Amino acid sequence: MPKFKKKFEMYRHLQMNIPNIYAEARKAADEIGIPAELRGKFGLTGAISGCPSPLTKKVREALDRGSTEVIPLAKLVDEIRSIVKDVYGDEYDAAPINTCEAGLWVTFDTLFTPPMQGRGDNYLTRYIIPYEKHLHHHGGYGRPFPPKFKDILADRGCTAGELGFYGKRQNNLSEYIVPLVGADYSVHGIKYHPVILLTKVDPEASAKKIKVVAERHCTMLSGITSLGYDTPGYGYGVKDSDGTPVLQKRLAEIAHEYDVPYVIDNAWGVPFIGHDIRKSGADVVIYSMDKASESTTAGLIIGKEDVMVQIRRALGYHGDRYGTTASYGKAAYVTNDPGKEALLGVIEALKELRDNPEALTKPVDDLYEVVVEEFEQIHPKIKKGLIITKSYNSRAVEVNYENTWTKDELGLPIFSIEDMYAGSNIFQSGVSQMGVIPTVAYDANIFISPGLGTTDEDGQLIKDNARYAVRALVKLMEIVAKYSGYLD
């Protein structure tokens, strides 16, 4: 294969050779011996919004019991609150919701947007967000600032437009996007865009930069948000002695200095065994319970009580017009009710996380062992540039390959998130050719987690299935590296 000196030429060559790469990937799947009955029914991810994982036996049994009973929904909501308070303390509260994205929507609208009532035009508010991965989720609710970022969401499936993407962009709200110190925002991909490379982020220097932005915009500052992840590829690899990412703690301190809330998007995270809201100092953490917590499809908002009052009121949980102290009534966001079966699943998942955390951490330990073993077999040139990390928060193993890129030569191809939406991310489309459901694999960062056909009915890892999936990824990375000219 030719050696390239210009990135765009390398990616163009990859695009031209996609049929050849797919053919080699299918052949490799046969050589690996992935069983025919397994293909298309297992994957590298635990669950994604478009493909939830099978429910565990305990959750199914809870649904069977509850579906035959008459249960007021307010009772189920209060049971969730009670479990959260058991773990985090009585000063915290919770509100279930139908999805994590809906949780972001309600929380931002409640805490960040200006009031609409009263005479005259309502004022502009602005929240701060680090220039980080998945920016289109927690960064899609305001007009991007500075203006150089105004098209940053355009190719990510969530172009906001003047009226908002399905109303997502909120009223008179903007967000200041702050590049992180030590991050690399170079351009990559077949769909050629800036990527977000964060393993070298300096949290202290980044916090100082964000504080300067907060000072400059303090008259309209209404909040700070970030992801809740805890791995190097997401920029949160530097932690304190308690294991809490330093950058998250600093963001909380800045927010509280300006008396505004710090909201964490922890979609691919789990309560109790993962991010600890008490240690980070966040005001609100929002979860997608079906991604890593083995719940039914639902979101969960956990936060400090004084902040949660407004959020619970918006959802109709905080008392209705008839003067009752608890309700499941009509409110601004009643359209985001999770429903009875979703609540039953959330309760069972939270009980398991509280009472039997090892059942959820052991599959991560077992998967990490499989990933490390299989990546020992990858070409030494690729292996030298890998950072492999496990996370109980995301119940995943992160494989990051930013360090394959040096000043001397082009590294292992990096696909942009725009590649994911365009279908040109070969690390995703290629494993699909091998019968493996793909996972998050852009910005030189691959998340591998248990769940989709790789766990049994008790949620424990089926090592043989997981090994097939990881082995397929390893082979595909070598094939792509060959066609890019990275490997001879």
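**Reading a predicted model, feature by feature**

Tutor: Let's start with the sheet of eight strands: it is open, has mixed pairing, and runs in the order 2-11-10-9-8-3-5-4. Keep in mind that this is a predicted model.

Student: How should I read pairing in a sheet, and which strands sit at the edges here?

Tutor: The general idea is that strands of a sheet pair through backbone hydrogen bonds, either parallel or antiparallel. In this sheet the edge strands are strand 2 (92–97) and strand 4 (143–145), and each of them pairs on one side only. Ignoring direction, neighbouring strands are turned by 25° against each other on average.

Student: Can you show me one pair up close? In what sense do strand 9 and strand 10 pair?

Tutor: Strand 9 (residues 262–266) and strand 10 (residues 284–288) pair in the parallel sense, over four bridges. To find your place, pick out I264: its bridge partner in strand 10 is V285. While you look along a strand, remember a general point: in a regular strand the side chains alternate between the two faces of the sheet.

Student: Which strands does helix 4 lie across?

Tutor: Helix 4 (residues 73–88) lies across strand 2, strand 10 and strand 11 (299–304), and it runs at about 140° to strand 2. Helix 8 (residues 246–257) packs on the sheet too, touching strand 3 (125–130), strand 8 (221–227), strand 9 and strand 11. The direction of helix 8 makes about 170° with that of strand 8.

Student: What about the loops? Where is D259?

Tutor: D259 is in the loop between helix 8 and strand 9. Look at its backbone: D259 has a positive phi of about 55°, although it is not a glycine. Another loop to visit is the one between strand 4 and strand 5 (173–178), where you'll find P146. The peptide bond from F145 to P146 is cis, with omega near 0°.

Student: How many residues lie between strand 12 and strand 13 in their hairpin?

Tutor: There are four residues between them, and R395 in the turn has a positive phi of about 45°.

Student: Now the helices. How do I describe two that pack together?

Tutor: In general, two packed helices are described by the angle between their axes and the distance between the axes. Take helix 2 (residues 18–32) and helix 17 (residues 463–484): their axes come within 10 Å and cross at roughly 145°. The crossing is right-handed.

Student: Which residues of helix 2 meet helix 17?

Tutor: From helix 2 they are N20, I21, E24, A25, A28 and I32, and the residues they meet in helix 17 include Y468, R471, A472 and K475. The residues of this contact divide into ten nonpolar, one polar and four charged.

How values were computed:
Residues are numbered from 1 along each chain as its sequence is written. This is a predicted model: local features need pLDDT of at least 70, side-chain atom pairs count only at pLDDT 80 or more; totals for chains, interfaces and linings use all residues. Side-chain values use heavy atoms; hydrogens and water are left out. Axes are lines fitted to C-alpha atoms, for helices over the stretch in contact, and angles run from 0 to 180 degrees between N-to-C directions. Helices (H or I, at least four residues) and strands (E, at least two) are DSSP runs, numbered from the N terminus. A crossing is left-handed if the near helix is turned anticlockwise from the far one by less than a right angle, and right-handed if clockwise. Contact means heavy atoms within 4.5 Å. Ala, Val, Leu, Ile, Met, Phe, Trp, Tyr, Cys and Pro count as nonpolar, Asp, Glu, Lys and Arg as charged, and the others, Gly among them, as polar. Two strands pair if DSSP finds at least two bridges between them.
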